[in-house]
Amino acid sequence: MTTPGFRPTHVVPQHGMPAWETPDPARPTVPLDPLLPVRLEERRGDWGRVVCSNGWSAWVDSRYLVAVPQDPPRSGAPLATAADPRPLLGRAEQALARYRAALEELADAGLDGESFRRRTQGLRIGVVVDGEDVWLYDPARERWLYGDGTRLSTYATDRAPDTAEDQDHTATRIVRPDRGS
């Protein structure tokens with residue numbers, strides 16, 4: 001049964017995904033089905049609380065949710081520095097030039113296979129351009145970003161979720177009513 005007015009913001013990845021009762025890996029619950037529409041309600045670091053169309057909610061690694069296309073907000077303002085794809089495009093161009101130079105040297109027999117491997121070790125780039133849409137890989141943050149010409153936003157990530165200890169949250173103290181604080 002679908003909740004009236006339910007509008008998903010994301011879908012579960014095509015292979016499904018694990019879910020938890022709370023943002024704690026020790027409290028797993030039923031995994032979410034592939035391509036299940038969900039609405040992302042809350043974030044805590046990499047954790048996200050999603051609500052399904054039937055009202056059931058769970059915590060997931062929100063970085064793996066696939067965003068449902070929405071009409072993008074249009075801005076008349078120039079690109080902000082944090083949202084500007086040009087620096088990332090420049091780094092991708094430099095990495096591609098380094099790879100191409102090593103590949104040409106390998107093809108001209110100026111490098112052996114091991115030297116080529118050493119020269120290209122650690123290079124990671126990714127760029128997909130489809131009209132006004134662009135997907136850029138940011139190797140420093142291990143994530144794919146999507147841009148529509150006005151802003152960039154995280155699309156997917158390679159990193160494992162941050163743990164609660166990494167997020168500098170103060171631990172919750174349990175207070176039993178019969179003992180006071």
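Reader: Why is Trp135 called partly exposed?

Author: This is a predicted model, where local features need pLDDT of at least 70, side-chain atom pairs count only at pLDDT 80 or more, and totals for chains, interfaces and linings use all residues. Residues are numbered from 1 along each chain as its sequence is written, and side-chain values use heavy atoms, with hydrogens and water left out. Buried means under 20% relative accessible area, exposed means over 50%, and partly exposed lies in between (1.4 Å probe, protein chains only). Trp135 has a relative accessible area of 21%, so Trp135 is partly exposed.

Reader: Why does Phe116 count as buried?

Author: Its relative accessibility is 14%. Buried means under 20%, so the term applies to Phe116.

Reader: What makes Tyr99 and Phe116 an aromatic pair, and why is the pair called edge-to-face?

Author: The structure holds 4 aromatic pairs. Tyr99 and Phe116 form one of them, at 5.7 Å centre to centre and 65° between the planes. Rings of Phe, Tyr and Trp (its six-membered ring) pair if their centres lie within 6.5 Å; planes under 30 degrees apart count as stacked, over 60 as edge-to-face and the rest as tilted. The centres meet the distance limit and the angle is over 60, so this pair is edge-to-face. The pair links distant parts of the chain: Tyr99 sits in helix H1 (residues 86–107) and Phe116 in helix H2, 17 residues apart. Helices (H or I, at least four residues) and strands (E, at least two) are DSSP runs, numbered from the N terminus.

Reader: Why does Tyr99 count as partly exposed?

Author: Tyr99 has 35% relative accessibility. That value lies between 20% and 50%, so Tyr99 is partly exposed.

Reader: What makes the pair of Trp135 and Tyr146 tilted?

Author: Their planes are 55° apart, and the centres are 5.2 Å apart. Trp135 lies in strand E9 (residues 133–138), and Tyr146 lies in strand E10 (residues 143–147). Tyr146 is partly exposed because its relative accessibility is 24%.

Reader: How do you know that strands E5 and E6 pair?

Author: Two strands pair if DSSP finds at least two bridges between them. E5 (residues 47–52) and E6 have 5 bridges, in the antiparallel sense, so they pair. In E6, Trp59 is the bridge partner of Arg49.

Reader: What makes strand E6 mostly covered?

Author: Strand E6 (residues 57–61) has 4 of its 5 residues buried.
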